[in-house]
Amino acid sequence: MRTIIALLILLYSVTGIASGPKILKAKAELTPAQKYNFTVTIKHADTGWDHYANAWRVYSQEGELIGERVLYHPHVKEQPFTRTLLGIHVPSDVSEVIIKANCSTTGENKKGYNVKLR
C-alpha cells in the first residue's frame, strides 16, 4: 500500500497537477477606442519546452472566449512573469471577465481569476 501511495504522490508532482499556472494578479484597462488591454501576472513551475504555462484566456461569465494570449516559450528563469493582451473587444453587456491560465501538459486551470470591467 505504501508503494502505491508513493507512486501516486510521485506521479502527482511530476505531471505538475499540484502546481498548475497560477494567476497572481490581472487588470483590464479600457482604451479610448473602447477596447480593453489586459495585463496578467502568472507563476508556474516551468521546466522547459516539455512543461510550461503556454497561454491565458479571457472569458465572459457565461464561458464565451473573448481573447487569448499565447505564450510561445517557457519562462523557467523568469518567475513570476507578466504579459499583456492589447485591443480586445468586450461586448458592452459584459461587466466582469474570468481569466484562466493554461499549462502545456495539464491544460487549462478550472479556477479562474475574476476581473471587474465597470
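## An aromatic pair

Tyr 52 is buried, with a relative accessible area of 10%. (Buried is under 20% relative accessible area, exposed over 50% and partly exposed in between, using a 1.4 Å probe and protein chains only.) The two form an edge-to-face aromatic pair, 5.8 Å centre to centre with 80 degrees between the planes. Rings of Phe, Tyr and Trp (its six-membered ring) count as a pair if their centres lie within 6.5 Å; planes under 30 degrees apart are stacked, over 60 edge-to-face, and the rest tilted. The whole structure has two aromatic pairs.

## About the model

This is a predicted model, where local features need pLDDT of at least 70 and side-chain atom pairs count only at pLDDT 80 or more, while totals for chains, interfaces and linings use all residues. Residues are numbered from 1 along each chain as its sequence is written, and side-chain values use heavy atoms, leaving out hydrogens and water.

## The nonpolar core

So what's inside? The largest nonpolar core has 21 residues. (A core is a set of buried Ala, Val, Leu, Ile, Met, Phe, Trp, Tyr and Cys residues joined through side-chain atoms within 4.5 Å.) Phe 38, Ile 42, Trp 56, Val 90, Val 97 and Ile 99 touch the most other members. Strand 2 (36–43) is among the strands that supply at least two residues of this core, and it gives the largest share, four residues. Strands here are DSSP runs of E, at least two residues long, numbered from the N terminus.

## A charge over a ring

Lys 100 lies over the face of Tyr 59, 5.7 Å from the ring centre. To count, NZ of Lys or CZ of Arg must be within 6 Å of the ring centre and within 35 degrees of the ring normal.
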